[in-house]
Amino acid sequence: MIFAIEEINNSTELLPGIKLGYQIHDSCASVSVAVHAAFQLSNGLDPVFYTGDNCSQSGVVMAIIGESGSTPSISMSRVFGSFNIPQVSHFATCACLSDKKQYPSFFRTIPSDQFQADALAKLVKHFGWTWIGAVRSDSDYGNNGMASFLEAAQKEGICVEYSESFYRTHPRSKIQRVADVIRRSTAMVVVAFVASGDMKILLEELSLEPSPPRQWIGSESWVTNPDILRFTFCAGAIGFAIEQSVIPGLRDFLLDLSPSEVSASPVLTEFWEDSFNCRLEKSVAIDDTRLCDGNEDVQTLQIPYTDTSQLRITNMVYKAVYAIAHAIHAVCQDTNSTTQCDKFTRIESKQVLAQLKKVSFSQNGYDVSFDADGDPVAKYELVNWQKTESGNIKLVTVGHYDASLPVGQEFRINRNLTWMEGYTEVPVSVCSDSCPPGTRKVLQKGKPICCYDCVPCPEGEINNATDSPDCFPCPKEFWPNAERDTCFPKPVEFLSFDEVLGIILAAFSVGGACLAIITAAVFFRHRSSPIVRANNSELSFLLLFSLTLCFLCSLTFIGAPSEWSCMLRHTAFGITFVLCISCVLGKTIVVLMAFKATLPGSNVMKWFGPLQQRMTVVSVTFIQVLICIIWLVVSPPFPMKNLSTYKERIILECALGSDIGFWAVLGYIGLLAVFCFLLAVLARKLPDNFNEAKLITFSMLIFCAVWITFIPAYVSSPGKFTVAVEIFAILASSFGLTFCIFAPKCFIILFQPEKNTKKHLMNKNQTKGI
């Protein structure tokens, strides 16, 4: 401050014609002492300012620089605000001081902790730390700064395992408890919003007993303090610091100490005697310390006083002095018609206050201005404690933070960092590991949101993001993969000709049709034989034709359903089976009528001759055709994707359209089958060789048994097996009719031709041979 004031007093451009005076008070970091000094400085007439005729306004205070701490600055500002005396602090960072309603005359050249808190939260988020510990000074600086940080951290999704406060004057037991909390915690990262003096005490306590490695994140108050760099277990610490600066001429000014200056100042006397371990002649000897011999050279000292390589807070003081000087200069320009001040110009502190709000200048390349809250533009350096080869800690700038840049661009890192215990990889500090895709986060009861379990997504849902709290259902026609992070189209399933089941059923279908054709060929080849003629050859050929169609219609059930195949498969099945059963029904009636015709005086066969048989088959079949036409017109079957039977695949099947139509077709077939079965039972013991009624009875028994078991099997079979069950029922009943009715006749025709005679056919005594 003194250097800056002397530089201004020697300037020909800033405040030419007048010189600035000053007075320095030491608050000793005590609020009461600071307030006492504030009242002392606010007193309009203080004789200490009067130094002779050279000063025209003795005791008039234009502005205050300080305090270093936030709590003393708050108390002082309440005093100075009442008198409109501007106060410019170089190190009070509490965000609360930005409230102009409470602190209307407060300014500062160091950024508010609100910006630092936001920057620290973004820093923690940048490295993926979501589980941290927090310690703070139990003061306005620590409490307000940590409150701002915790609010910003919460927005970034960061959880705090513990938040402890302490102060340098607290009992040692309190400091020990905070140290123990840090040692026992699971969080690897500790954010310390702590004043420099408090941090030194905490680290001394932690150094007494080895603790697990911790990654320290520091506020600007302690992270650049050279005295704290000696704690090597904090190597790898990172934090934000006030920008490093260069003040030309300051080092020469600090080292230019004459014996007379040292002797005249109690402060410099104490500094000199402490640095060289000697005493000046004028000082009171309290021990046997040697007298200073005059050969002491301050330039040989290696202490923070002589080290101007890390000027950070120093530059904030430099800016503050120049800001006040520019404000006074602006007042002079408004007061006089000329642009030059003189010592007789009457200036009031409220004028300086008004001009201080408007100042905007650049000094040594550093821009100085204040916003509406009295704060400067927030700029920080990101610093890292890095170990040298000698084992010492050096402070390295690894990045920058500029709050004036657009959102998302304020923060950048341009150098490699070192971490705790020399780690080359970023330490991990999370309560729970990240949930991979395919899982979702479920919060652990009673714990912060960063503590959770990873639960696999429910069936049918996916999650392709990391740490997602929700899973999302796949579209209807899609299904998750095994990892449940991607939806794939569901496989479409239907009974195809390419699979084993489809090939087997198709083979039986074609084989059955071939069997019916071969049977028809055998019958045609022996169409004039008694056994063929005796069993109504016309109906037999029509039955074999209908059985061929029944076998072949099962092929329509195999393959991908289409609009035409769906309509064809059910109607072809219904019509061909009715045609088949109507032929069997006709043959059964013929047997009954033939027996009646043998009775004396019976003339019944003329009512059921060939024409009537054909009409019976046509009329019975026409009814089924009519039912099918109505079904196709009103609500025909159609192809559909069944998404409900199986969740993980699509069943491509034919919807019935109208359930009534399907069951009407099936019911009509069943009604005819039952009626035919009853007639065959009545005729099964008629005294005649080659009694066809007995064969029909067996065939209808098999037919009815197959379709009675088909209904529950059809209803309960899932997916493509529903179609397979229907095909099986068609083939089983068709094979049953073929074998029961035609196999015995073909056997006689081919292997027992001696029985294929009219004599054998008319032999009444062998009616029980078959």
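Start by selecting strand β6, residues 189-193, together with β7: the two run parallel and are joined by four bridges. Keep in mind as you go that this is a predicted model. To see one of these contacts, pick Val191, whose bridge partner in β7 is Ile217.

Now stay on β7, residues 215-218, and look at its two faces. Are they covered or open? Both are covered. Gln215 and Ile217 point to one side, Trp216 and Gly218 to the other, and all four are buried. Ile217, then, is a buried residue as well as the partner of Val191.

Click Glu493 to find one end of a bridge; its partner in β22 is Ile651.

Most residues other than glycine have a negative phi, and most peptide bonds are trans.

- Select Gly66 and Glu67: the peptide bond joining them is cis, with omega about 0°. Glu67 sits in the loop between β1 (64-65) and α3 (70-82).
- Select Asn277: its phi is positive, near 55°, though the residue is not a glycine. You'll find Asn277 in the loop between α11 (266-276) and α12 (313-335). With a relative accessibility of 57%, Asn277 counts as exposed, because the cut-off for that is over 50%.
- Select Glu421: here is another non-glycine residue with a positive phi, about 55°. The loop holding Glu421 runs between β13 (411-413) and β14 (439-443). At 59% relative accessibility, Glu421 is exposed too.

For the last stop, switch to a surface view and colour by charge. Which residues make up the patch of negative charge? Select Glu6, Asp252, Asp256 and Glu261, which gather there on the surface. Glu6 belongs to helix α1, residues 2-9. Is Glu6 buried, partly exposed or exposed? Its relative accessible area is 38%, so Glu6 counts as partly exposed.

Key. Residues are numbered from 1 along each chain as its sequence is written. This is a predicted model: local features need pLDDT of at least 70, side-chain atom pairs count only at pLDDT 80 or more; totals for chains, interfaces and linings use all residues. Side-chain values use heavy atoms; hydrogens and water are left out. Patches are made of residues with over 30% relative accessible area and no salt bridge: like charges are joined within 9 Å, nonpolar side chains (Val, Leu, Ile, Met, Phe, Trp, Tyr) within 5 Å. Accessible areas come from the Shrake-Rupley method with a 1.4 Å probe; for residues, only the protein chains shown count as cover. A salt bridge is a side-chain nitrogen of Lys or Arg within 4 Å of a carboxyl oxygen of Asp or Glu. Lys and Arg count as positive and Asp and Glu as negative; His and the chain ends are not counted. The place of a charge is taken as NZ of Lys, CZ of Arg, CG of Asp or CD of Glu. Buried means under 20% relative accessible area, exposed over 50%, partly exposed in between (1.4 Å probe, protein chains only). Two strands pair if DSSP finds at least two bridges between them.
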